[in-house]
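These are my notebook entries on a structure I looked up. I record the strand pairing, the core and the helix packing in turn.

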Amino acid sequence: MMSKVPAQEIAILKYGGGGDWYSNPTALPNLIQFCNANLGTRITAEPETVETGSVTIFKYPFLHMTGHGNVFFTDEEAQNLRTYLLSGGFLHIDDNYGMAPYLERELKKVFPKKQLEELGADHPIFNQKFKFPDGLPKIHEHDGKRPQAMGIFDKGRLILLFTFESDLGDGWEDPSVHNDPEDVHIRALQMGANIVEYAFKS
């Protein structure tokens, strides 16, 4: 198993290809604050940034990735990410609108024989501290598509979660950034906390 030091930490995954991996700068700090207050976690307030090909990713049990555009992994980066995930790591990818076609292409490098599978509303990730009986919530509207939680599994364990047409990260940001109502902001944070809780327990 991967060494988890510190025990509970989150890092932002910096990837190549020119996509804005750095988008939503207030999102993760807000989610971390919410988790520490509601889940009893002790996650460092400001997340570190790690590169896909670095051994540093193995220090973090939870990686978060987001953006709007192109994603590119070298073969070495894909292998490093595959090793990380198969040895106990967890990656949450939140499509900030527009990254899906690039991501799906690059995930084939990471797992040539695995495909994204849609999670049903009965998956445990929707039934952690906060309850989402209808599955992934819709936070921001773009083109009328339903929100989907897609996953890659290894030996029954969810190792990668791709949230699509939901825009959780936008909902985690300071409410003033997108003029989100309080209930939308809280619902996004609650779903994010469920993802963190599930990843830390799995």
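**Entry 1: strands 6 and 7.** I looked up the pairing of strand 6 (residues 148-154) with strand 7 (residues 157-164) and found them antiparallel, joined by 7 bridges. I noted that Q148 stands opposite F164 of strand 7. For pairing I kept the DSSP rule of at least two bridges between two strands. The elements are DSSP runs numbered from the N terminus, where helices are H or I of at least four residues and strands are E of at least two.

**Entry 2: basis.** I worked from a predicted model, in which local features need pLDDT of at least 70 and side-chain atom pairs count only at pLDDT 80 or more, while totals for chains, interfaces and linings use all residues. Residues are numbered from 1 along each chain as its sequence is written, and side-chain values use heavy atoms, with hydrogens and water left out.

**Entry 3: loop residues with positive phi.** I checked K155 in the loop between strand 6 and strand 7. K155 is not a glycine, yet its phi is positive, near 50°. K155 counts as exposed, with 85% relative accessibility; the cut-offs are under 20% relative accessible area for buried, over 50% for exposed and partly exposed in between, with a 1.4 Å probe and protein chains only. I then turned to D167, in the loop between strand 7 and helix 4 (168-172). D167, also not a glycine, has a positive phi of about 65°. D167 counts as buried, at 1% relative accessibility. I set down for reference that most residues other than glycine have a negative phi.

Entry 4: In what order do the 7 strands of the open sheet run? I read the order as 2-1-3-4-7-6-5, with mixed pairing. Strand 2 (48-51) and strand 5 (117-118) are the edge strands, each pairing on one side only.

Entry 5: I found strand 1 joined to strand 2 by 4 bridges, in the parallel sense, and L13 has V50 of strand 2 as its bridge partner. Strand 1 also pairs with strand 3 (residues 62-67), again parallel, over 3 bridges; here I10 is partnered by F62. Within strand 1 (residues 10-14) I picked out A11, which is buried at a relative accessible area of 0%. Leaving aside neighbours within four places in sequence, A11 is in contact (heavy atoms within 4.5 Å) with E48, V50, Y60, F62, L63 and H64. A11 and F62 are 51 residues apart along the chain, but their C-alpha atoms are separated by 6.6 Å.

**Entry 6: the core.** Which residues have the most contacts inside the largest nonpolar core? I listed L63, M65, L91, I125 and L160, in a core of 62 residues. Such a core is a set of buried Ala, Val, Leu, Ile, Met, Phe, Trp, Tyr and Cys residues joined through side-chain atoms within 4.5 Å. Helix 6 gives the most to this core, with 10 residues. Not counting residues up to four places away in sequence, L63 touches A11, L13, V50, I57, L81, Y84, F90, L91 and H92.

**Entry 7: helices 1 and 6.** I found helix 1 (residues 27-38) and helix 6 (residues 182-201) packed at an angle of about 70°, with axes 9 Å apart. The two helices are therefore roughly perpendicular. The contact is made by N30, L31, F34 and C35 of helix 1 and by H185, L189, Q190, G192, A193 and V196 of helix 6.

Methods:
Axes fitted to C-alpha atoms, helices over the stretch in contact; angles between N-to-C directions. Parallel < 35°, antiparallel > 145°, perpendicular 65-115°, else oblique.
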